[in-house]
Amino acid sequence: MEYRTLGASGAIVSTHALGTMTFGNETDEAGAHAQLDRYVAAGGNFIDTADVYTGGVSEEIVGSWLAKSSARDDVVVATKGRFPTGDTPNDVGTSRRHLRRALDASLNRLGVDHIDLYQLHAWDPVTPLDETLGFLEDAVRAGKIGYAGLSNFTGWQLQKACDLIDRRGWSRLVTLQPQYNLLVREIEWEIVPAAQENGLGLLPWSPLGGGWLTGKYSFDEEPTGATRLGENPDRGVESWRRRSTNQRVRDVVDAVRDIATARGNSMAQVALAWLVDRPAVTSVILGARTIEQLDDNLAAADLHLTAEETEKLNQASDPGAADYPYGGPGVAQRGRPITGGRA
């Protein structure tokens, strides 16, 4: 396992984090504890959860493992708050009222006195940003959280938050958790540069594109059985009907398969290796249902692609930005030689 700093902080985390969204739903407590044990044994030290994963059960499962694990003091624990945790209007959002209750509930479920990384799970258009970020600063000063981060923020939202924090002199944000993989690269146009400008490390979720980058889904036959798309072919952004007819998706899957076959690695390992070496990435969040899936993912922990392999994947996965503002002419306008002039 390799390690990096958590964004611009001094905390050290493994380049592969263990995501726990399946805990309590697709993975029972015994299976979840087995995953946590295997992950730590492989050198992993970064666990990511959220208060809405399986209605709080994921945090409870992580908490029950922490209570009995000798690795408690070695792991970095991250969770999130923002989405609905109840039925009333104040049970959602990033207001002081909701986040205070959400954070306290997470601390209780996890059985800890502080959370290493607390993340806003998404932007809240209702609550003033000053109120939200002020709460995070108070939580840092009170010792309830070590660091604060964001999830699912756009570039302008991220920059607005960082600018406000700088003006107030508050503790700086350290991470951004976005969806990022070979099929979802549009964040490179604005979000990645904004994260780099402000020293935020990226924690990509869905690194395998909902399973598409593992090669387990056919483009010609609707999936069935005990897979996420087998149980729900129209599931979110991973929808089989939408992606199976997309030529770019086919090209990416073919490129990943070619490299995996030539290397003798699994397709998942190749996709993870491409992502972990992208600019600004701190740690890639693994999401496995089973020990077997986790073992395969962990085998990519020290895998790095060659420049030629990376370029092949870059070309196949290029999202095809228009000339302006993200294509060639637009990019050219954002740079200049230091010599200047018209010569």
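Student: What joins E3 to strand E4 (residues 46-48)?

Tutor: This is a predicted model, and in it 2 bridges join E3 to E4, with the two strands running parallel. Two strands pair if at least two bridges are found between them, so 2 bridges is enough to call these a pair. Look at Leu 18 if you want a residue to start from: its bridge partner in E4 is Ile 47.

Student: And how many bridges join E3 to strand E10 (residues 284-286)?

Tutor: There are 3, and these strands run parallel too. Leu 18 turns up again, with Leu 286 as its bridge partner in E10.

Student: Which residues point one way from E3, and which the other?

Tutor: His 16 and Leu 18 go one way, Ala 17 and Gly 19 the other, and all of them are buried.

Student: What makes E3, helix H1 and E4 a right-handed unit?

Tutor: You have a strand, then a helix (H1, residues 29-41), then a strand, which gives the β-α-β unit.

Student: In what order do the 8 strands form the open sheet?

Tutor: The order is E9-E8-E7-E6-E5-E4-E3-E10, and the pairing is parallel.

Student: Why is one side of E9 and of E10 left without a neighbour in the sheet?

Tutor: Because E9 (201-202) and E10 are at the edges, and each has a single partner strand.

Student: Let's go further in. What makes strand E7 largely enclosed?

Tutor: Count its residues: 5 of the 7 in E7 (residues 145-151) are buried, so the rest of the structure encloses most of this strand.

Student: Over how many bridges do strand E6 and E7 pair?

Tutor: E6 (residues 115-120) pairs with E7 over 5 bridges, in the parallel sense. Tyr 118 stands opposite Ala 148 there. Tyr 118 is also the bridge partner of Thr 79, in the parallel pairing of E5 (residues 76-81) with E6, which has 4 bridges.

Student: What about E7 and strand E8, in which sense do they pair?

Tutor: Parallel again, over 3 bridges. Ser 151 in this pairing stands opposite Gln 177 of E8. The chain gets from E7 to E8 through helix H5 (residues 155-168), and that crossover is right-handed.

Student: Why does Thr 175 count as buried?

Tutor: Buried means under 20% relative accessible area. Thr 175 has 0%, so it counts as buried. This residue is in E8, and it touches residues including Leu 117, Ala 148 and Leu 200.

Student: And why does Asn 314 count as buried?

Tutor: Its relative accessibility is 16%, and since the cut-off is under 20%, it counts as buried. Asn 314 lies in helix H12 (residues 307-317) and touches Arg 185, Trp 274 and Arg 278, leaving out residues up to four places away in sequence.

Student: Why does Pro 329 count as partly exposed?

Tutor: Its value is 45%. Partly exposed covers what falls between buried, under 20%, and exposed, over 50%, so 45% lands in the middle class. You'll find Pro 329 in helix H13 (residues 328-333).

Student: At what angle do the axes of helix H3 and helix H4 cross?

Tutor: Roughly 35 degrees, and the axes of H3 (residues 96-110) and H4 (residues 129-141) come within 9 Å. H3 passes H4 in a right-handed crossing. Among the residues making the contact are Leu 99 and Leu 103 of H3, and Phe 135 and Ala 139 of H4. By class, the contact has 4 nonpolar, 2 polar and 4 charged residues.

Student: What is the phi of Thr 54?

Tutor: Near 55 degrees, a positive value in a residue that isn't glycine. Most residues other than glycine have a negative phi. Thr 54 sits in the loop between E4 and helix H2 (57-68).

Student: Last one: which bond joins Tyr 324 and Pro 325?

Tutor: A cis peptide bond, with omega at about 5 degrees. Pro 325 is in the loop between H12 and H13.

Definitions and conventions: Residues numbered from 1 in each chain as written. Predicted model: local features only at pLDDT ≥ 70, side-chain atom pairs only at ≥ 80, totals over all residues. Heavy atoms only, no water. Axes fitted to C-alpha atoms, helices over the stretch in contact; angles between N-to-C directions. Left-handed = near helix turned anticlockwise from the far one by under 90°. Contact = heavy atoms within 4.5 Å. Nonpolar A, V, L, I, M, F, W, Y, C, P; charged D, E, K, R; others polar. Buried < 20%, exposed > 50% of the residue type's maximum accessible area, 1.4 Å probe, protein only. Right-handed = clockwise from strand over helix to strand, strands pointing away.
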